[in-house]
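The following note sets out points for a colleague who has the model open.

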Amino acid sequence: MLLPRQDKATPVSLTPIISCMDGGGGKLWSLADFAEAGSCTILTSKYEETISVCLHCGTEGSRPEIFAHGSSLDVIQECKQTARVAGSGYEAVKWNSDTKRMCSTLEIEDLSWKYLCMYPLRDFMWENFQKILTTMDYDESQVFQQQVLQGTANHPVAQKYPPAKTYMQLFLKTLINQIEDCNQEVLDDLYSMYTGLLSQGNFQTSDFCYKTYKQKSGSITLKETCKLICDGTTGMCTWEASHFLAEWCSKNTSHFQGKKILELGAGLGLTGLAVMKNCKPASYTFTDVHDSVLKVLVENIVINLFSEVSQSSGEYDADNMKSIESWSRNFESKDHDTVVHIKKLDWESDTYESDVDLVLAADVVYDPDVIVHFIKVLKDVLCKKPGVAAYVASTVRNPDTYVFFRNELARSGLVVTSEVQQQYRDSPSQQEVSLSLLYIKPEV
């Protein structure tokens, strides 16, 4: 069985636990049963991973809404679909010490990933945190708080590559408030860390911070700007289309395995690092035009690949692009046998001469003047040899600009053979945006 259908839902927020079995049935639980279950999760043996799901029953007469988080969109979608129908093969499990321990672990993991990527605090599922905490006695609460602290502000990744200082302060303040709202005593170490940050002042000492993004395989840590524009460019932060393209590539690895890939407008490297970690290309070339972006890109490559690479070209001079390009020529991944290059490429004046099988680009469609130069370089690369194609991911901010891009592609003899469209939102409070992924080839 699954979540029971409710014609008239009561105004209560619930998080049941569902164990997906291979067969059999089970009694259909009432809404009251779910209310007693506490804060739990979904276990699915089909995908061999765990997804946390929250059932929110809103105002009377409204349909229950499912919120889920996890590493696999396929699992989340299955959970959402299944939770809306009654079926056999599912059994609800009531709250006990084992489910409490399991849910505590899952909650810490969820808080950890969200903290590391600087997820908006207002979109954290604090209801789950409070439901777990209110079931604990003093000793359990202190241990749980220590584990939360160790999984967030004291996480080894956060210690080495910390989020923005202002975010750290606000997270700890919010966490303390949530604990106090549950009438639990706040852990001394938590108070000490928060007051220590306050004593340092409220100023961000650097324009940069670090964000760590969960991936299909491991994670990617990026140095990014805390500002929208830095050093005269918007390329110092990671935009929606880059996340979209990185995720799509990681799910469609066969398109990239063994290929020589060129990325135009690589920015801080999210897409390329995701492809390298998940898709095993033969080579990957990161290109961009801004020296400041390229310097940070090099840092991000070192952060994510240093433990996996052999560097026979010695140290690089971050202030000298020729030194960076020379250093990157022999930057080779041991695990994936991927040769990595970093090059400065000006679309207005430069051409790209090396052999390429596939081109990637994300968030390069935002200005008509830039689009013209981008298409010139793209066409030049695609027409160098038969069979070369490109995947271009775009955030459709201005429909007129996007139409201009499509028209310029056609005018230049480049054909869109397929398109993937998706609505995307970083978090519930963020504005939804339209994303497009084009597969482009030269006209035959």
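1. Terms and basis. Buried means under 20% relative accessible area, exposed means over 50%, and partly exposed lies in between (1.4 Å probe, protein chains only). This is a predicted model, in which local features need pLDDT of at least 70 and side-chain atom pairs count only at pLDDT 80 or more, while totals for chains, interfaces and linings use all residues. Residues are numbered from 1 along each chain as its sequence is written, and side-chain values use heavy atoms, with hydrogens and water left out.

2. A salt bridge is a side-chain nitrogen of Lys or Arg within 4 Å of a carboxyl oxygen of Asp or Glu; the whole structure holds 15. Asp380 and Lys384 form one of them, with their closest N and O atoms 3.7 Å apart. Lys384 counts as partly exposed because its relative accessibility is 38%, and Asp380 is likewise partly exposed at 30%. Glu419 and Arg406 form another, at 3.1 Å from N to O. This pair links distant parts of the chain, since Glu419 belongs to strand 16 (residues 414–424) and Arg406 to helix 14 (residues 399–411), 13 residues apart. Helices (H or I, at least four residues) and strands (E, at least two) are DSSP runs, numbered from the N terminus. Glu419 is partly exposed at 30% relative accessibility, as is Arg406 at 28%.

3. The side chains of Asp110 and Lys114 form a salt bridge of 3.2 Å, N to O. Both residues are buried. They are four residues apart in helix 3, and so about one helical turn separates them. Elsewhere, a network of salt bridges links Lys260, Asp355, Asp357 and Lys385.

4. Charges over rings. A charge sits over a ring if NZ of Lys or CZ of Arg is within 6 Å of the ring centre and within 35 degrees of the ring normal. Lys114 lies over the face of Phe124, 5.8 Å from the ring centre. The charged end of Lys223 is placed over the ring of Phe208, at 4.8 Å from its centre.

5. Aromatic pairs. Rings of Phe, Tyr and Trp (its six-membered ring) pair if their centres lie within 6.5 Å; planes under 30 degrees apart count as stacked, over 60 as edge-to-face and the rest as tilted. The structure has 17 such pairs. Tyr115 and Phe171 make a tilted one, 4.7 Å centre to centre with 55° between the planes. Tyr115 is in helix 3 (residues 97–116) and Phe171 in helix 7 (residues 165–181), 56 residues apart. Both are buried. Phe124 and Trp126 are stacked because their ring centres are 5.2 Å apart and their planes meet at 15°. One aromatic cluster includes Tyr115, Phe124, Trp126 and Phe171.

6. Strand 15. Which residues of strand 15 point one way, and which the other? Ala389, Tyr391, Ala393 and Thr395 point one way, Ala390, Val392 and Ser394 the other, and all are buried. Two strands pair if DSSP finds at least two bridges between them. Strand 14 (residues 358–362) pairs with strand 15 in the parallel sense over five bridges, and Ala361 has Val392 as its bridge partner. Strand 17 (residues 433–442) runs antiparallel to strand 15, with six bridges joining them; here Tyr439 is the bridge partner of Tyr391.
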